[in-house]
Amino acid sequence: MKPRSLIFCLLITLPTISVAQVSDSIYYNRLYYVGKLWGHVKYYHSEVAKGDVDWDNELIQALESIKTAPDNDAFNNTLLSFLSTAGDIGDASGFKPSFPDSLNNNTDFSWIQNDIFSDSVQSILENIWDRFSPQDNVYVNAGSAGNPTFNNDNGLYESAHYPKEHERILALFRYWNIINYFFPYKYIMDQDWDITLLEFIPPIVQAQSALSYNLAFKELTTRINDSHA
């Protein structure tokens, strides 16, 4: 075969060997569980709590591999690599914090047992809670009247009206987890907060402009049924 003919054959066959992309539905389902995983580590992992790990940036770095992982095994390998960046978990002090009745549903970790996670990922997530001890956390502080403040949750994109996709996802995960762990009236919302996360992943990811992104986020805030949103 002449060299020119060989090059032509390669060109027409290359598209058939390109890497397959996962469907949007698979990607959105992954993001749902990654959002819960990320928040779990953010508020319960001893090293992340100290600020020794830039947990926001680690998410940003992991999201592309999470999006393009061709199957669930590759997805879980990405999660294992992501979780490893949090570092070793400190030793538990032997006691867990007490929660008011309104926040008891925040310690429902049944999602960890979902089949989307490998046994290895489940084990790490369970170990984070088993070895959790109350400690200062760089991501949440006691403000006036004891209300929590989240002053370190404004980095990376604070000056951008239309952040990039991975930064939009970070913003969604920040807001959702703040409400999930610290909003005392979550149990009386009109809609389950988990369902709200599933609902708003697509419009946040798909937002094509600053306007569509901000409108999606504004609609998200209405789901907590509180004027302080």
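These legends walk through several close-up views of a predicted model.

**View 1. N137 in its loop.** Let's start with N137, which sits in the loop between α6 (119–130) and β1 (141–142). N137 counts as buried, because its relative accessibility is 8% and buried means under 20%. A polar atom of the N137 side chain lies 3.1 Å from the backbone oxygen of K42. Leaving aside residues up to four places away in sequence, N137 touches K42, Y43 and A49.

View 2. The model has 19 aromatic pairs. One of them joins Y32 and Y33 edge-to-face, with 4.8 Å centre to centre and 85 degrees between the planes. Y32 is buried at a relative accessible area of 9%, and Y33 is buried at 11%.

**View 3. F183 and Y185.** Here the ring centres of F183 and Y185 are 5.8 Å apart and their planes meet at 85 degrees, so this pair is edge-to-face. F183 is buried, at 11% relative accessibility, whereas Y185 is partly exposed, at 45%.

View 4. D190 is exposed, with a relative accessible area of 71%. Although D190 and I224 are 34 residues apart along the chain, their C-alpha atoms are separated by 7.8 Å.

Key:
Residues numbered from 1 in each chain as written. Predicted model: local features only at pLDDT ≥ 70, side-chain atom pairs only at ≥ 80, totals over all residues. Heavy atoms only, no water. Helix = DSSP H or I, 4+ residues; strand = E, 2+ residues; numbered from the N terminus. Buried < 20%, exposed > 50% of the residue type's maximum accessible area, 1.4 Å probe, protein only. Polar contact = N/O pair within 3.5 Å; in protein donor to acceptor, adjacent residues only side chain to side chain. Contact = heavy atoms within 4.5 Å. Phe/Tyr/Trp six-rings, centres within 6.5 Å; stacked < 30°, edge-to-face > 60°.
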